[in-house]
Amino acid sequence: MAIVGTDTTKHAHRIHRPRVDALGLKVAAVPQSTDATCAPASPRSAHQSAHAPPRLSSLVARLSSSYARREKMGKRWIPLEANPDVMNQFIWGLGVTEGEAQFCDVYGLDDELLAMVPQPVLAVIFLYPLTSLDEKVEEYDASATSTAGGKDSSEKVYFTKQTVGNACGTVGVIHAIGNAASDIKLVEGSYFDRFYKQTADMDPVQRAVFLEEDDEMEGAHSVAATAGDTDVNVEVNEHFVCFSCVDGELYELDGRKSKPISHGPSSPETLLQDAAKVIKARIATNPNSLNFNVMVLSKQ
């Protein structure tokens with residue numbers, strides 16, 4: 001698990017290895033330097049030094065926001081941990097051929113750290129803390145009729161809404177694989193093989209309903225969720241989104257939104273760098289938080 005820091009010093013993006021659950025809540029951060037000789041601090045002291053006690057008003061706002069989302073999503077799953085090992089066992093068990101593709105950590109957004117990421121990159125998964133501004137955007141987007149800039153998304157984009165609480169990790173995985181279907185070999189007759197064939201002609205809302213009623217996926221999600229290190233009973237306030245390149249465009253796929261959001265031209269070769277620019281901008285809007293995580297789905 002790699003958390004991307006936001007320092008602007010020489011070692012700009014320090015690595016933090018928190019325990020996170022499916023929407024990425026950091027339970028105990030362990031700052032680590034890129035210098036292999038640097039010993040990590042204890043989880044307790046690292047967590048205490050990284051965060052000052054929150055203001056009561058801020059805490060109330062976060063809890064109110066969390067309860068509001070809970071009311072909108074009746075069914076809730078156990079949060080999925082932002083952990084490549086957990087994600088890999090999840091997708092391999094559902095039909096991605098082991099050795100075909102895997103999730104990997106991104107240790108920072110600087111060019112030299114991005115260059116370490118296994119290529120080719122098929123999708124980027126970003127986890128970030130939700131704020132009151134995100135809630136306002138979500139409410140506005142619910143009634144919107146077009147994507148950003150008024151441009152319709154490509155019909156080739158595979159997109160589903162999210163109607164199950166704590167399911168954003170699984171929805172991110174579904175978006176990642178669904179938009180890389182031509183590059184990933186799925187086991188014939190496997191869950192993913194059947195799922196994408198059955199939902200191919202559905203709209204995003206119909207896909208969400210299908211997923212919500214799918215006991216097989218819920219069971220697989222629960223197994224993966226309990227395979228991580230994080231306490232599954234911890235309340236979370238973070239969210240997964242997926243970035244994919246489809247038809248020469250970079251799309252942000254967020255189940256809370258009504259449609260895919262286009263972030264401009266991209267290509268399979270520049271997907272990671274293009275997504276990193278968007279992610280950097282997102283992190284800059286919440287500089288006091290360390291609860292950010294970036295992973296990629298790479299073809300092996």
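**Entry 1: a term to start with.** I call a residue buried when its relative accessible area is under 20%, exposed when that area is over 50%, and partly exposed in between. I also note that this is a predicted model.

**Entry 2: the whole chain.** I counted the elements and found 10 helices and 9 strands in the protein chain. Of its 300 residues, 52% are buried. I then looked at contacts with a separation of 6 or more, and 71% of them come from residues 24 or more positions apart.

**Entry 3: helix α6.** How many residues of α6 are buried? I found 11 of 11, and I wrote α6 down as mostly covered. The buried residues are C168, G169, T170, V171, G172, V173, I174, H175, A176, I177 and G178.

**Entry 4: the second largest pocket.** The volume came out at about 400 Å³. I listed 25 lining residues, and E155, K156, V157, Y158 and F159 lie nearest the centre. By class, the lining has 12 nonpolar, 6 polar and 7 charged residues.

**Entry 5: α7 against α8.** The crossing of α7 past α8 is right-handed. On the α7 side I noted Y191, F195, Q198 and T199, which meet R207, F210 and L211 of α8. This contact has 4 nonpolar, 2 polar and 1 charged residues. A reminder to myself: an α-helix has 3.6 residues a turn, so residues three or four places apart point the same way.

**Entry 6: K299.** I finished with K299, which sits in strand β9 (residues 293-299). Is K299 buried, exposed or in between? Its relative accessible area is 25%, so I count K299 as partly exposed; the cut-off for buried is under 20%. Which residues does K299 touch, leaving aside neighbours within four places in sequence? I found E100, A101, Q119, P120, L122 and D183. I also checked F103: K299 and F103 are 196 residues apart in sequence, but their C-alpha atoms are 8.9 Å apart in space.

Methods: Residues numbered from 1 in each chain as written. Predicted model: local features only at pLDDT ≥ 70, side-chain atom pairs only at ≥ 80, totals over all residues. Heavy atoms only, no water. 1 Å grid on protein atoms, 1.4 Å probe; cavity = no way out; pocket = protein on both sides within 12 Å on 5 of 7 lines; lining within 4 Å. Points joined across faces, edges and corners; volume = space filled by probe spheres on them. Nonpolar A, V, L, I, M, F, W, Y, C, P; charged D, E, K, R; others polar. Left-handed = near helix turned anticlockwise from the far one by under 90°. Helix = DSSP H or I, 4+ residues; strand = E, 2+ residues; numbered from the N terminus. Contact = heavy atoms within 4.5 Å. Buried < 20%, exposed > 50% of the residue type's maximum accessible area, 1.4 Å probe, protein only.
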